[in-house]
Amino acid sequence: MASSSKKVCVVGAGVSGLVSARELRREGHEVTVMEQSSGVGGQWLYDARTDSGDPLGVAGVPSSIYASLRLNTPRESMGFSDYPFVYPSIDDDDGDARRYPGHAEFLRYIRGFCDAFGLMDAVRLNTKVLHVGLLAPPGHDDDGGVTRWTVRCSSRRGDCEGEVVTTEETFDAVVVAVGQFTHPRLPTINGMDKWSRRQLHSHSYRTPDSFQDQVVVVVGCQSSGIDCLCEDGQVVFADGSSVIADAVVYCTGYDLSFPFLDTGGVVTVDDNRVGPLYEHTFPPALAPSLSFVGVPKRVVVPRFYETQARWVAQVLSGRRMLPSSEEMMAWAEEHHRAREMAGMPKRHAHEFFDDYNCCDEFGEKHCGFPRLEDWKKELRWASVTRQRGDGSETFRDVYHDSELVRQGLLAQGWPAGSQQHK
Ligand SMILES: Cc1cc2nc3c(=O)[nH]c(=O)nc-3n(C[C@H](O)[C@H](O)[C@H](O)COP(=O)(O)OP(=O)(O)OC[C@H]3O[C@@H](n4cnc5c(N)ncnc54)[C@H](O)[C@@H]3O)c2cc1C
């Protein structure tokens, strides 16, 4: 039983924010989820609009999902711990009964999760968080050293066309769950600013139609492959070769960004390293009233974010204790130092590199979270290795499950092998 109930604001209603709301409520807290979009789901709320007028996509549309996108993770490993991502029933005409379904199927799953746990009454849609700040500066708290937060939002009355109103409220705690894939990360390439032909970030890519019969240069993460973009449409590569192109598409990743968050410099983002964070979740000087859910990369999503959410909820209620702020800071510093010593760039600070045992250890250590079954780890890992290897084009439709995976699937009543459900 929670010893202390808090009034908590969750920013974002993607899987991280929704599972945070579920865990916080279970622990007895009063929760409000602020979501700028007109629906829940975060990235999975496909938006056919692109950031029109801003092809490099730093403006308004949160989702980076394109129309034909299918999951690259097997559905059997994508559920929350107590709400599996089951196959649709045979008479469900809207369902997508593939192991790697299209994005709409996962959005259906997320909506089902909200309904199953009655979360929608906690969510304020069309509500953008503009500013999160301390009610009083550190050391000037009016409530015996308790840190509290003001949250300023703009929202629309009624639907998307309604009048905009700005509100300000006070909360005991704020959980930041705004995802990682909204703010395009762009390379610096000579001539980019003068290139008169089309260029866009993958954030703004939706369908291939408008590229038909065009020469398109796709810039990957190693953008050093391009030397310059010339005004006449020529793309010159670092090895001296060149091509006349109609368009350049930047698949160069995303920047973590919390433009609404004002911690007076306590929390900073440096090349996608959010710091300092204890165990990727709590800034030591502001814990536990400020936390982040969803920053870790290459973890088992959404399950890992569920472990973070449960930990945050239990710490806020007093069920679990955090180490002292000095110990938490020492952890963050040592973590960064170890990564630097290993030669990793800062942007890998929150990478788990698909180490599923490490994900399990995190959950066990912080909130007694159940381990992911071995067959699900094997299923997931087989998928990762096939994507990286020669199955990169076919891994979604042709797979051969090991005996361990087959037994696990059959025990759940799920199809095994490469056979489709319907
Ligand atoms: C192209 C693409 C493909 C992917 N494929 C897979 C896959 O196959 N499998 C997989 O496991 N993962 C995949 N992912 C990762 C995916 O992002 C995660 O699965 C998951 O959606 C992350 O959820 P989240 O809640 O942390 O963030 P998000 O889904 O990004 O949700 C964040 C929410 O916060 C809201 N928000 C942000 N700022 C504010 C604000 N100021 N005020 C109010 N609301 C705000 C946003 O509108 C959004 O709804 C993919 C991502 C992309 C971009």
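In which loop is Pro288 found? Pro288 sits in the loop between strand E18 (273-275) and strand E19 (290-292); helices (H or I, at least four residues) and strands (E, at least two) are DSSP runs, numbered from the N terminus. The structure is a predicted model, in which local features need pLDDT of at least 70 and side-chain atom pairs count only at pLDDT 80 or more, while totals for chains, interfaces and linings use all residues. Residues are numbered from 1 along each chain as its sequence is written.

Most residues other than glycine have a negative phi, and most peptide bonds are trans. The peptide bond from Ala287 to Pro288, however, is cis, with omega near 0 degrees. A cis peptide bond also joins Val301 and Pro302, with omega about 0 degrees, and Pro302 has its place in the loop between E19 and helix H3 (303-317).

Positive phi values come next. Asn126, in the loop between strand E3 (123-124) and E4, has a phi near 50 degrees, a positive value in a residue other than glycine. Asn126 is buried, because 20 other C-beta atoms lie within 10 Å; a residue is buried if 20 or more other C-beta atoms lie within 10 Å of its own, exposed if 12 or fewer, and partly exposed in between, with C-beta atoms placed from the backbone. Phe353 is not a glycine either, yet has a positive phi of about 50 degrees. This residue is found in the loop between helix H4 (325-341) and helix H5 (356-367), and Phe353 is exposed, as 10 other C-beta atoms lie within 10 Å.

The ligand is surrounded by 32 residues, the closest being Gly12, Gly14, Gly42, Gly179 and Gly294; a residue counts as near if its C-beta atom, placed from the backbone, lies within 6 Å of the molecule or strand in question. The elements that give two or more residues to this shell are helix H1 (15-26) and strand E4 (127-134). H1 gives the most, with three residues. By type, the shell divides into 16 nonpolar, 14 polar and two charged residues. Here Ala, Val, Leu, Ile, Met, Phe, Trp, Tyr, Cys and Pro count as nonpolar, Asp, Glu, Lys and Arg as charged, and the others, Gly among them, as polar.

Two further residues show contrasting surroundings. Ile110, in helix H2 (residues 103-116), counts as buried because it has 23 C-beta neighbours inside 10 Å. Leaving aside neighbours within four places in sequence, Ile110 is in contact with Val15, Leu18, Val40, Gly41 and Trp44, contact meaning that the C-beta atoms of two residues, placed from the backbone, lie within 7 Å. Cys230, in the loop between strand E11 (226-229) and strand E12 (234-237), counts as partly exposed, because it has 15 C-beta neighbours inside 10 Å. With neighbours within four places in sequence again left aside, Cys230 is in contact with Gly191 and Val236.

Finally, the axes of helix H6 (residues 374-388) and helix H7 (residues 403-412) come within 8 Å and cross at roughly 120 degrees. Axes are lines fitted to C-alpha atoms, for helices over the stretch in contact, and angles run from 0 to 180 degrees between N-to-C directions. H6 and H7 are therefore oblique to each other; angles under 35 degrees count as roughly parallel, over 145 as roughly antiparallel, 65 to 115 as roughly perpendicular and the rest as oblique.
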